[in-house]
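I opened this entry to record what I looked up. My notes follow the order in which I went through the model.

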Amino acid sequence: MENDYSNITFRQLDLSDADDFMEWYSDEKVREFCSWDTFTSKQAAMQYVADKVIPHPWHKAICLKNKPIGSISVTPFSGNEIFRAELGYVLGSNYWGKGIATTAVKMVAASVFVEWPHLERLEAVVAVENMGSQRVLEKAGFTREGVLRKYYLLKGKPKDAVIFSLFVKYERKYMWRNNSLY
Ligand SMILES: CC(C)(COP(=O)(O)OP(=O)(O)OC[C@H]1O[C@@H](n2cnc3c(N)ncnc32)[C@H](O)[C@@H]1OP(=O)(O)O)[C@@H](O)C(=O)NCCC(=O)NCCS
């Protein structure tokens, strides 16, 4: 069914997912606004999964019918800034335009504030030209805060980005503090 998202799930990526992982990390369309280097071998993809993905505090595969088709991460800031975290997501281009990223972002936004009771603010930084990603965040309820000028490096050049945020709902945090989720 076109709009049935009950088949979207998240799970930890592991080394056996390297072929799927390569599908989106070596996809030229995916790389247009992303600063990472393409993986040229499965070995390099496995190394990245081992070094960066598995140890990450919240980096999961977005699965459709159990097949990894992309990934989504929530990276906490450190020290006395652990009340905020940065959201990132990517999907293989074969799966674009079906509402999958919006659904995944909504699902993560609904659960991460519960999983991490200290979290107050989830933010996302998007290239100004990346209209698809900005639309995803708007549809998921994020607020556009403004433009960060010359904020990230793309192909060696500093580029402007838009920053979005979503705050914890006070009621949920209050109820969590009283040892109950809802
Ligand atoms: C950004 C990305 C995750 C979107 O995934 P997706 O599953 O196609 O997103 P959705 O289908 O949920 O929503 C996309 C929305 O953007 C819109 N859109 C896509 N391209 C657009 C463009 N060039 N201009 C304006 N709107 C655009 C779509 O029409 C849709 O909005 P609608 O539902 O109102 O019609 C995917 O394109 C991707 O992985 N891109 C490469 C990596 C990336 O940019 N990650 C984000 C880094 S911040």
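For sorting residues, I count Ala, Val, Leu, Ile, Met, Phe, Trp, Tyr, Cys and Pro as nonpolar, Asp, Glu, Lys and Arg as charged, and the others, Gly among them, as polar.

**Ground rules.** The model is predicted, so I take local features at pLDDT of at least 70 and side-chain atom pairs at pLDDT 80 or more, while totals for chains, interfaces and linings use all residues. Residues are numbered from 1 along each chain as its sequence is written, and side-chain values use heavy atoms, with hydrogens and water left out.

**Overall layout.** I looked up the secondary structure and found six helices and seven strands. Helices (H or I, at least four residues) and strands (E, at least two) are DSSP runs, numbered from the N terminus. Along the sequence the pattern reads β-α-α-α-β-β-β-α-β-α-β-β-α. The radius of gyration is 17 Å, close to the 16 Å that the globule rule gives for 182 residues, so the protein is as compact as a globular protein of that length. That radius is taken over C-alpha atoms, and the rule is 2.2 Å times the number of residues to the power 0.38. Along the principal axes, the C-alpha atoms fill a box of roughly 50 × 40 × 35 Å.

I then checked burial. Buried means under 20% relative accessible area, exposed over 50%, and partly exposed in between (1.4 Å probe, protein chains only). Of the 182 residues, 41% count as buried. For contacts, I require heavy atoms within 4.5 Å. Among contacts between residues at least 6 apart in sequence, 60% join residues at least 24 apart.

**Helix H1.** Is H1 enclosed or open? Six of the eight residues of H1 (residues 18-25) are buried, so the helix is largely enclosed by the rest of the structure. The buried ones are Ala 18, Asp 20, Phe 21, Met 22, Trp 24 and Tyr 25. They pack against H2, helix H3 (42-53), E3 and E4.

**Strands E1, E2 and E3.** I call two strands paired if DSSP finds at least two bridges between them. E1 (residues 8-12) pairs with E2 in the antiparallel sense over five bridges. E2 and E3 also run antiparallel, joined by six bridges. Cys 63 links the two pairings: Thr 9 has Cys 63 as its bridge partner in E2, and Cys 63 stands opposite Pro 68 in E3.

I also looked up Lys 60, which lies in E2. Lys 60 is partly exposed because its relative accessibility is 21%. Leaving aside neighbours within four places in sequence, Lys 60 contacts Phe 10, Arg 11, Gly 70, Ser 71 and Ile 72.

**Strands E5, E6 and E7.** E5 and E7 run antiparallel, with seven bridges. Val 125 stands opposite Ile 163 in E7. E6 and E7 are antiparallel too, with eight bridges. Leu 153 has Pro 158 as its partner in E7.

**Two turns with positive phi.** Most residues other than glycine have a negative phi. Which residue in the E2-E3 turn has a positive phi? It is Lys 65, at about 50 degrees, in a hairpin with two residues between the strands. Lys 65 sits in the loop between E2 (59-64) and E3 (67-76). Lys 65 is exposed because its relative accessible area is 64%.

The hairpin of E6 and E7 has two residues between its strands, and Lys 155 there takes a positive phi near 50 degrees. Its loop joins E6 (143-154) and E7 (157-167). With 67% relative accessibility, Lys 155 counts as exposed.

**Largest pocket.** The volume is about 1,200 Å³. The search uses a 1 Å grid over the protein atoms alone; a pocket is an open set of points where a 1.4 Å probe fits, with protein on both sides within 12 Å along at least five of seven lines, and lining residues have an atom within 4 Å of a point. Points are joined across faces, edges and corners, and the volume is the space filled by probe spheres set on them.

Of the 44 lining residues, the closest to the centre are Cys 34, Trp 36, Gly 88, Tyr 89 and Val 90. Elements giving two or more residues to the lining include H2 (28-31), E4 (84-91), H4 (100-115), E5 (121-127) and H5 (131-139). The lining divides into 25 nonpolar, 13 polar and six charged residues.
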